[in-house]
Amino acid sequence: MTFDTGAETRFEISFGGRTIPAAPGQTIAAALYAAGVRSWRTTRFEGRPRGLFCGIGVCFDCLVIVNGTENLRACLTEARPGDEVTPG
Amino acid sequence: MAAAGTAARAGLRVALLDGAIRLGGQFHRQPPPGHKPRNSRKFRRLVEGLAGVDVLLGHQVWAVEGSATAHFTIYTQAARADAVHAEAASAEAARADATDTGATHAGVTYEESAHAGVTGAESAHAESAHAEAAHAEAAHAEAAHAEAANAEAANAEARGPLRARALLIATGAYDRVLPFPGWDLPGVLTAGGAQALLKGNGVVAGRRIVVAGTGPFLLPVATGLAAAGARIVGVFEANSRTGLLPALLRNPAKLGEAAGYALRLARHRVPYHGGQAVVAAHGGDELTHVTVARLDADWKALTTRDIECDTLATGYGFTPQIDLAVQLGCATTHDADGSPIVAVDAGLRTSVPGVYAAGETIGVGGAALAELDGVQAAHTIIADAADQPAPEPTAQDWANRDRPSQDRPNLGWANRDRPSQDRPNLGWPSQDRPSQDRPSRDRPNQDRPNQDRPNQDQAKRDRVKRQRAEAFARRLHEVYPVRDGWREWLTPRTLICRCEEVPYQAILEAGDLGAADARTVKLLARPGMGWCQGRICGYPVARLCGEDPRHPGRPFAHPLRMADLARLLPQRTKDE
Ligand SMILES: Cc1cc2nc3c(=O)[nH]c(=O)nc-3n(C[C@H](O)[C@H](O)[C@H](O)COP(=O)(O)OP(=O)(O)OC[C@H]3O[C@@H](n4cnc5c(N)ncnc54)[C@H](O)[C@@H]3O)c2cc1C
Ligand code: FES
């Protein structure tokens with residue numbers, strides 16, 4: 001569920017080929033969560049699914065690659081129109 | 001914010017740096033642009049107070065070096081470096097906007113003479129838009145100019161690091177979480193994380209939510225999520241629900257707040273259980289249900305039952321974020337709950353001349369106390385900056401601090417013209433003294449007689465308010481402790497360190513190999529060696545080794561992207 005931010009200001013980002021709606025000022029993690037995507041990466045050793053945990057940039061569970069930039073924290077990184085997000 | 005505004009009104013040049021892209025810190029966290037600002041009146045007052053402050057949003061401070069005699073050099077990283085070049089144009093646009101709303105200040109050169117760099121939020125901020133752009137945003141809920149923030153942060157990097165004569169560290173805290181089987185399943189998140197998602201993004205973490213942990217913070221989280229439409233299956237408080245009652249009865253304002261939560265819980269039919277905790281989370285790729293246990297006095301699980309839910313929001317208090325202070329060599333001490341905090345004197349000076357600390361960094365006490373701290377710290381900075389040598393302390397002053405007067409911290413401003421090698425760190429010279437020798441907010445506050453306060457009555461009222469708030473914070477720690485019985489919730493396979501995927505078994509094995517303390521366990525089993533650098537597992541690992549958590553002294557307050565580091569290094573070499 002998201003606040004109604006008005007259709008005209010909303011935009012889209014992509015995650016693994018999926019189109020994810022986002023609102024200005026939302027983080028990438030928030031947009032993914034709102035779209036029902038709750039894990040977006042797997043761990044190095046055991047391949048465990050991970051998504052949002054601390055929500056404020058402390059735990060690094062939420063790492064993503066955005067437009068080729070690696071190791072961004074999805075919970076801190078603001079979504080921009082057209083962002084291509086891939087698992088970090 | 002309170003500190004930055006107070007110092008700026010006294011004529012100091014102040015920059016407020018915050019890694020976040022919107023003002024507010026945790027408590028006043030603001031929704032995306034276009035939405036009604038939260039806590040409007042109080043927040044608006046704080047924002048209005050920032051007139052004249054260079055508000056630099058999206059500036060993550062990763063290192064500070066230097067001293068009050070020379071200056072402090074503050075290194076920042078843009079929240080989103082990839083956006084930098086692409087958005088120079090939007091930054092220009094935003095700047096034009098800002099001018100429309102009366103903003104000036106484009107292109108400040110910090111090299112000149114920033115007087116006080118303030119880091120953190122709530123009581124002090126730091127970010128990367130112009131004060132007025134942020135101002136316009138908050139006051140009129142217009143466009144957020146996050147892009148401007150990013151581009152501005154990048155510009156700041158290009159311009160070189162910020163310099164300041166004094167530094168106030170108010171970097172807040174983060175959720176303390178306990179490990180239990182399944183705590184790394186997607187759908188399990190911290191209580192603060194759920195709150196940040198809601199407050200800052202307008203996203204409700206789930207549909208059927210369990211809230212569990214300890215402390216009054218669980219209540220705004222539960223009621224906030226319920227009001228936003230989630231079904232809160234239950235709030236599970238590991239301690240007693242009524243422990244705070246005696247303290248509440250002595251504090252009408254807090255009693256009113258508590259009654260408000262009780263009403264809202266009732267309105268949304270949220271059951272609030274005491275002496276119970278979530279001891280396991282289950283699901284395949286995502287959370288499907290949790291195991292809730294009744295706890296004995298030491299938090300060992302007694303009877304258990306399973307509850308279906310798609311989301312668990314959990315938090316067992318907060319851990320102060322003190323990396324920058326530790327980096328600068330500030331002495332630390334322990335909060336009432338054992339957390340490492342920055343040691344300060346009554347004026348909120350740290351042991352390093354020119355460095356001050358406020359808010360959760362000097363002890364977890366909530367937003368109201370953090371704001372009062374900010375005002376206090378600003379008054380001290382103003383007094384110190386006015387070049388007034390503080391008078392010799394009275395006997396009573398020092399009686400309360402158990403230390404001889406030559407140990408007196410920070411005479412710095414009085415002799416700031418001396419070359420730096422003449423100025424040893426006058427504060428707490430013996431870093432290895434036991435921490436109980438260091439003043440902390442647990443000690444009674446003796447105000448310094450010389451404090452240059454514009455309004456003594458107001459100052460006195462603030463002081464009384466702060467003392468009450470500190471007493472209440474101490475009470476919270478007593479009523480909502482974390483008991484060690486959670487160790488019994490673990491199975492050998494439960495991860496303790498999420499980053500390095502270190503299971504409990506590996507910690508036990510390290511113990512079998514003779515590791516008797518957290519440091520050795522870390523070397524043998526690698527907990528705390530991953531991305532988060534022990535921010536999440538530091539507490540559990542310390543307690544598993546029977547220690548109070550210690551601050552590990554991280555080289556960077558924020559892990560740096562290598563590309564950014566490479567870009568910054570030539571700049572640094574030039575400076576040196
Ligand atoms: C996730 C979370 C949510 C919370 N929500 C609530 C709530 O809803 N209600 C409530 O009563 N209490 C809440 N709290 C408790 C809260 O910590 C205090 O009530 C209050 O916000 C403390 O104020 P402060 O100024 O000490 O720190 P904060 O408000 O945390 O402000 C610290 C600021 O410093 C910035 N910062 C930190 N490190 C750096 C750095 N290296 N560089 C640049 N900037 C930096 C942060 O971005 C932040 O804006 C929450 C705590 C957390 C961790
Ligand atoms: S969720 Fe912890 S860093 Fe993003």
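1. B:Trp489 is a buried residue of this predicted model, and its relative accessible area is 5%. Its ring pairs with that of B:Tyr316, the two centres being 6.5 Å apart and the planes standing at 50°, so the pair is described as tilted. That wording follows from the cut-offs, because planes under 30 degrees apart count as stacked and those over 60 as edge-to-face, while the rest are tilted.

2. How many aromatic pairs does a search of the whole structure find over all chains? The search gives seven, and one of them is formed by A:Phe60 and B:Trp531, a stacked pair with 5.2 Å from centre to centre and 20° between the planes. This pair crosses between chains, running from the loop between strand 4 and strand 5 of chain A, where A:Phe60 lies, to the loop between helix 15 (518-525) and helix 16 (538-544) of chain B, where B:Trp531 lies.

3. A:Phe60 counts as buried because its relative accessibility is 4%, which is under the 20% limit for a buried residue. B:Trp531, by contrast, has a relative accessibility of 37% and therefore counts as partly exposed.

4. Turning to the interface as a whole, the contact between the chains draws 44 residues from chain A and 59 residues from chain B. The size of an interface is often stated as the accessible area that is lost when the parts come together. Here the area buried between chain A and chain B is about 4,100 Å², and carbon and sulfur atoms give 54% of it.

5. Which charged and polar links join the two chains? There are six salt bridges between chain A and chain B, and in a salt bridge the side chains of A:Asp61 and B:Arg498 meet, with 2.4 Å from N to O. Across the interface of chain A and chain B, 17 residue pairs are found in polar contact, both residues being at pLDDT 80 or more.

6. On the side of chain A that touches chain B, the elements giving two or more residues are helix 1 (28-34), strand 4 (49-51), strand 5 (63-66) and strand 6 (69-73) of chain A. Strand 6 of chain A provides the largest share, with five residues. By residue type, this side of chain A divides into 20 nonpolar, twelve polar and twelve charged residues.

7. For chain B in general, the secondary structure comes to 17 helices and 22 strands, and buried residues account for 59% of its 576 residues. Of the contacts in chain B with a separation of 6 or more, 72% are between residues 24 or more positions apart.

8. Is B:Gln195 buried or exposed? B:Gln195 is buried, since its relative accessible area is 11%. If its neighbours within four places in sequence are left aside, B:Gln195 is in contact with B:Gly200, B:Phe217, B:Pro220 and B:Val221.

Terms used:
Residues numbered from 1 in each chain as written. Chains lettered and ligands numbered in written order. Predicted model: local features only at pLDDT ≥ 70, side-chain atom pairs only at ≥ 80, totals over all residues. Heavy atoms only, no water. Contact = heavy atoms within 4.5 Å. Buried area = accessible area lost by both parts, 1.4 Å probe. Salt bridge = Lys/Arg side-chain N within 4 Å of Asp/Glu carboxyl O. Polar contact = N/O pair within 3.5 Å; in protein donor to acceptor, adjacent residues only side chain to side chain. Helix = DSSP H or I, 4+ residues; strand = E, 2+ residues; numbered from the N terminus. Nonpolar A, V, L, I, M, F, W, Y, C, P; charged D, E, K, R; others polar. Buried < 20%, exposed > 50% of the residue type's maximum accessible area, 1.4 Å probe, protein only. Phe/Tyr/Trp six-rings, centres within 6.5 Å; stacked < 30°, edge-to-face > 60°.
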